[in-house]
Structure formats: structure tokens, C-alpha cells
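Trainee: Please take a close look at one ligand site with me. Then show me some other spots worth checking by eye.

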Amino acid sequence: MLSYLICPACEGSLDLSIDRTDGYEIIEGELRCSACRSSFQITAGIPRFANLEHVESDKRATATGFGWQWQHFTQEDEQYAEQFLGWIAPVTPEFFRDKVVLEAGCGKGRHTQLAARWGARDVVGIDLSAAVETAFAATRSLPNAHIIQADIYHLPLARKFDYAFSVGVLHHLPDPRAGFRSLASKVKPGGHVSAWIYGAENNEWIVRWVNPVREKITSRIDQRALLQFSKIPAAGLYVVTKLVYGPLNRNGSSLAKHLFYNDYLSALSRFGWREQHTIVFDHLVAPTAFYISREEFETWWRDINARDVVIGWHNKNSWRGIGALPSR
Ligand SMILES: C[S@@+](CC[C@H](N)C(=O)[O-])C[C@H]1O[C@@H](n2cnc3c(N)ncnc32)[C@H](O)[C@@H]1O
Ligand SMILES: [Zn+2]
């Protein structure tokens, strides 16, 4: 991984000193910038380029909620691969083969893990929160997967990536567009970028009814209390998806397409209780969440001069995009 790392302050190269290893993992050590002498600890197997005590309060609040979430909901689900491919379509597992891949906001590492299994030469998953502890455990047995704790706005990475993706992260940043630019800045000329974000279109009801509750209450309460509280909406979701959306969509009933939010809820109907509870918790825990229009999303791709951009409307409530950076 050292060949991908640079000093986030001055872009200098980093010298490694090792205190403890376990197999091929460096468990404890230090990275020191050869230019500005900044130093970064490696603890519990993870290089630490961000310290939550020193980041801005809005980013800290987001990272605290998600850090708790991904240390609690550590389960794996056999449908993660299909779900991931829906978020990055038209990318396929073969696309990852031999590529150097960056995932921004890797959470519990479920997609870092998939990218590594699909044959990426190396995949680096970064996250600001304590979710990195779960991601490290989830990817420890994969020598081509690496986890680091860092802020997407200050990536300690050289511009060496063939493909960078971010799923469900950019809309939680204080400035999503700048976060996207930072991600793309690590991709080599001619490489690809994917992003999946919440859409503004079709989500007016969330902005109007759910956002005030999320902003004023659920993102502010203790996560253990939210874990219990979120079981109430999760139970409602579970009942309607299992009894109504799932059966009507599976039977090809003509009624299904008239149901409220059918594409998304039908997709959720395939998940069990724990995964649905995770999804509800995830929607309620974040202090910051932007709902972004297609028009706004298109400007992000223009910012990075992307070509061959393909923007898709996912589950009729969100945007996914892929594009290539100019070759030179
Ligand atoms: C909804 S989770 C998505 C996790 C993962 N991409 C997935 O789909 O399973 C959003 C993630 O973004 C991370 N995140 C939020 N702000 C960040 C920042 N400024 N830099 C890096 N990661 C950040 C959070 O810690 C969280 O793990
Ligand atoms: Zn430096």
C-alpha cells in the first residue's frame, strides 16, 4: 500500500517504521513525511490520517453516527454483490480485474471486499469513521485490500488509481460536489469514476417529512436509543415489503406499479429484518443528507471534464453515474 500513500499535508513521500506485524499486515507503526516531517500512526492495522477529535464538528457528527452504525451492523448479506452492481451499473465484476481501485467512504468494507474478490490488483478503502475497524476485520484475509482512516477532502493518496467509486457517501458531506472532485483527483488520466447519490426527484416527501425528524431528533440522540427507536419504522417497512411489495412484484401483478415508491420498496423486500433495520437506521442517523437533482449531478461530471458519462436513475429515487477522465 505504501506506493499509493503520500503526505496529505504536502504530498511528500512517507517513510515507514514498523513496530509490530502479524503475517503480511503491519499492525503497529508510523508513517513520517520525508518533506514536512508530519507523522501518522498505524494502529490496530490501520494507518490513521484523520483524527476525529480534530475534524470539523459537522464531519465529526456524521462520522460518529456512521462509525457506531458500522460497528454494530457488521452482518454480511449474500445480496450485497447484486446491490452493489445496481449502484455502479453498468460496471461488472470483470471490470475490476487487475485495476487499482479506490473506494471513498467504505463503511464496513463490504464493497472493498467485493472489489478485492473480483480481482482488483489493489483496492484501498478509506473512511473517516470508526467503521474502518470493521472494514479492516472484513478485509484482513484479502492481501489486495487495504483500509485507511482518512477524510475524503484530504486524501493521503497519489494519483495512481484506475477506478474510484463512492456509494452512499457524497450526499452526507458538507460539500458533496467538492468531495466528488477530491475523489476524482486521485484517478489516473483515462481512468474511471463511479458515484451513487440520493436523488432530489421523487424524494420530495423525504425532504418534507423525514428530514426535519432526522435533523432535529434522530441524528442527535444517542445511537443506542436510535437503535431501539428505529425498530418502529423498520417494523412497518418489514411488514409492508414482505406482505405487499414483495408478493405483488414477484407475481407480476399489474397493481405493483401503482404502489407508492414501488421500485425501491420492492428491491428492499428481498432483504431480511436485520438488513432492513440497518437501512432504516442508516437513513435516520446522519446529521447531513443532501437530495441531489440530476441537473446538479451533471455539473459534477463537467467539473472533472469527464467523458462517456452515463447517468442512470436507480430505483426511481437515486442517481448513479460513471465517467472517464480525459486521457491527458
Ligand atoms: C452510508 S455509509 C456508506 C458506506 C459504504 N459505502 C456502503 O455502502 O456500505 C457513509 C460512509 O461515509 C463515511 N464518511 C462520511 N463523511 C466522510 C468523510 N468526510 N470522509 C470519508 N468518509 C466519510 C461514513 O463514515 C460512512 O461510513
Ligand atoms: Zn508532508
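**The shell around ligand 1**

Mentor: Helix H1 supplies 4 residues to the shell around ligand 1, the largest share. This is a predicted model, in which local features need pLDDT of at least 70 and side-chain atom pairs count only at pLDDT 80 or more, while totals for chains, interfaces and linings use all residues. Residues are numbered from 1 along each chain as its sequence is written, chains are lettered from A and ligands numbered from 1 in the order in which they are written, and side-chain values use heavy atoms, with hydrogens and water left out.

At least two shell residues come from each of helix H1 (57-72), helix H3 (110-117) and strand S6 (122-127). Helices (H or I, at least four residues) and strands (E, at least two) are DSSP runs, numbered from the N terminus. The shell has 22 residues, and those that come nearest to ligand 1 are Gly105, Arg110, Asp127, Ile152 and Val167; a residue is near a molecule or strand if one of its heavy atoms lies within 4 Å of it. By class, 10 shell residues are nonpolar, 6 polar and 6 charged. Here Ala, Val, Leu, Ile, Met, Phe, Trp, Tyr, Cys and Pro count as nonpolar, Asp, Glu, Lys and Arg as charged, and the others, Gly among them, as polar.

Next come the polar contacts (pairs of N or O atoms within 3.5 Å; within protein, one must be able to donate a hydrogen and the other to accept it, and residues adjacent in sequence count only if both atoms are side-chain atoms). Gly105 places a polar backbone atom 2.7 Å from a nitrogen atom of ligand 1. Arg110 has a polar side-chain atom 2.6 Å from an oxygen atom of the ligand, and a polar side-chain atom of Asp127 also lies 2.6 Å from an oxygen atom of ligand 1. On its own, ligand 1 has 600 Å² of accessible area, of which the protein covers 98%. Such areas come from the Shrake-Rupley method with a 1.4 Å probe; for residues, only the protein chains shown count as cover.

Ala120 sits in the loop between H3 and S6. With 4% relative accessibility, Ala120 counts as buried (under 20% relative accessible area; exposed is over 50%, partly exposed in between, with a 1.4 Å probe and protein chains only). The C-alpha atoms of Ala120 and Asn202 are 35 Å apart, and 82 residues separate the two along the chain.

Now turn to the loop between helix H8 (231-250) and helix H9 (262-268), where Ala256 is found. Ala256 is buried, at a relative accessible area of 4%. Its backbone oxygen is 3.3 Å from a polar side-chain atom of Asn262. Asn262 belongs to helix H9 and is buried too, at 10% relative accessibility. Tyr261 lies in the loop between H8 and H9, and its phi is near 60 degrees, a positive value in a residue other than glycine. With a relative accessible area of 14%, Tyr261 is buried.

Asn305 likewise is not glycine and has a positive phi, near 55 degrees. It is found in the loop between helix H11 (294-303) and strand S10 (307-314). Asn305 is exposed, with a relative accessible area of 55%.

One more backbone detail: the peptide bond from Ala89 to Pro90 is cis, with omega near 5 degrees. Pro90 is in the loop between helix H2 (80-88) and strand S5 (100-104).
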